[in-house]
Amino acid sequence: MGDIREPLRELTECGLPQALEVMGERWSFMILRASFNGLHHFEEFLSELGIARNILSNRLAKLVEHGILKRDPCPDDRRKIEYRLTDKGFDLLPAMVALRQWGQKYGAEVVENPVLVDELDRLPIGPTSILSHDGRILGPADLALVERKNLGVRADGSKAEPHEAMDKGSVVDIASARKAKDAA
């Protein structure tokens, strides 16, 4: 990934250790998955996940503390609490999908049912990819680390100009992008 390496001993200079500090254990991911599946109440999490009450309480508190879930009183019974995903929680969806796909690819042979699909055409979603700012699919050889002051400076010294960024719902022709990458 280029000539520069991350300071691997320095845990505060990278987002990965910080993310793992919050999400780095099984039950946090399982609670998050349940939240994406519409569970909101303590008792629902308890019965659906088969998790011990004290562990669930601890993990929910940690996810709330880190702003991934929020606690709201139920509209119909103010004594009950609902746990709802925040914007920060919803931003974990691509990571969850990528981990799910990795597990399907390299885990035990499981025929997934139900299948995660695109709401528009109800066909299975494609593989989660790393995209450039303009939507090109990137592989490991396309990635590099640069100092912040050198953002946009190409290896040959020329300056890159930002392209129009991809937006939610933008269409990327993955097959064409892969063919062009393979041809290069």
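Tutor: Helix α2 (residues 26-36) and helix α4 (residues 53-65) have axes that come within 10 Å and cross at roughly 75°. The axes are lines fitted to C-alpha atoms, for helices over the stretch in contact, and the angles run from 0 to 180 degrees between N-to-C directions. Helices (H or I, at least four residues) and strands (E, at least two) are DSSP runs, numbered from the N terminus. The two helices α2 and α4 are therefore roughly perpendicular to each other; angles of 65 to 115 degrees carry that label, whereas those under 35 count as roughly parallel, those over 145 as roughly antiparallel and the rest as oblique. From α2, the residues W27, S28 and I31 meet I55, L56, R59, L60 and L63 of α4, contact meaning heavy atoms within 4.5 Å. By class, this contact of α2 with α4 comprises six nonpolar, one polar and one charged residues. The nonpolar class consists of Ala, Val, Leu, Ile, Met, Phe, Trp, Tyr, Cys and Pro; Asp, Glu, Lys and Arg are charged; and the others, Gly among them, are polar.

A note on the basis of these values is in order. This is a predicted model, in which local features need pLDDT of at least 70 and side-chain atom pairs count only at pLDDT 80 or more, while totals for chains, interfaces and linings use all residues. Residues are numbered from 1 along each chain as its sequence is written, and side-chain values use heavy atoms, with hydrogens and water left out.

Helix α2 also packs against helix α6 (residues 93-106), at an angle of about 110° and with the axes 11 Å apart. The pair α2 and α6 is therefore roughly perpendicular as well. On the α2 side this contact is made by F29, L32, R33 and F36, and on the α6 side by L93, M96 and L99. Its classes are six nonpolar, no polar and one charged residues.

Which residues of α2 are buried? They are W27, S28, I31, L32, A34 and S35, where buried means under 20% relative accessible area, exposed means over 50% and partly exposed lies in between (1.4 Å probe, protein chains only). These residues cover an arc of only 160° around the axis, which puts them on the same side of α2; the arc is that of the directions from the helix axis to the C-beta atoms. One of them, S28, is buried with a relative accessible area of 1%. Beyond its neighbours within four places in sequence, S28 is in contact with V22, M23, R59 and L63.

The two ends of α2 each have a local feature. At the start of α2, a side-chain oxygen of E25 reaches to within 3.0 Å of the backbone nitrogen of W27. Just after α2, G38 adopts a positive phi of about 95°.

After α3 comes G50, with a positive phi near 65°.

Of its 184 residues, 20% are buried. Among contacts with a separation of 6 or more, 47% involve residues 24 or more positions apart.

In the loop between α6 and β3 (130-131) lies P114, joined to N113 by a cis peptide bond with omega of about 5°. R122 is placed in the loop between α6 and β3, and its phi is near 60°, a positive value in a residue other than glycine. R122 counts as exposed at 55% relative accessibility. Between β4 (137-138) and α7 (174-183), the loop includes D156, which is exposed with a relative accessible area of 63%. The side chains of D156 and S158 are joined by a polar contact of 2.6 Å. A polar contact is a pair of N or O atoms within 3.5 Å; within protein, one must be able to donate a hydrogen and the other to accept it, and residues adjacent in sequence count only if both atoms are side-chain atoms.
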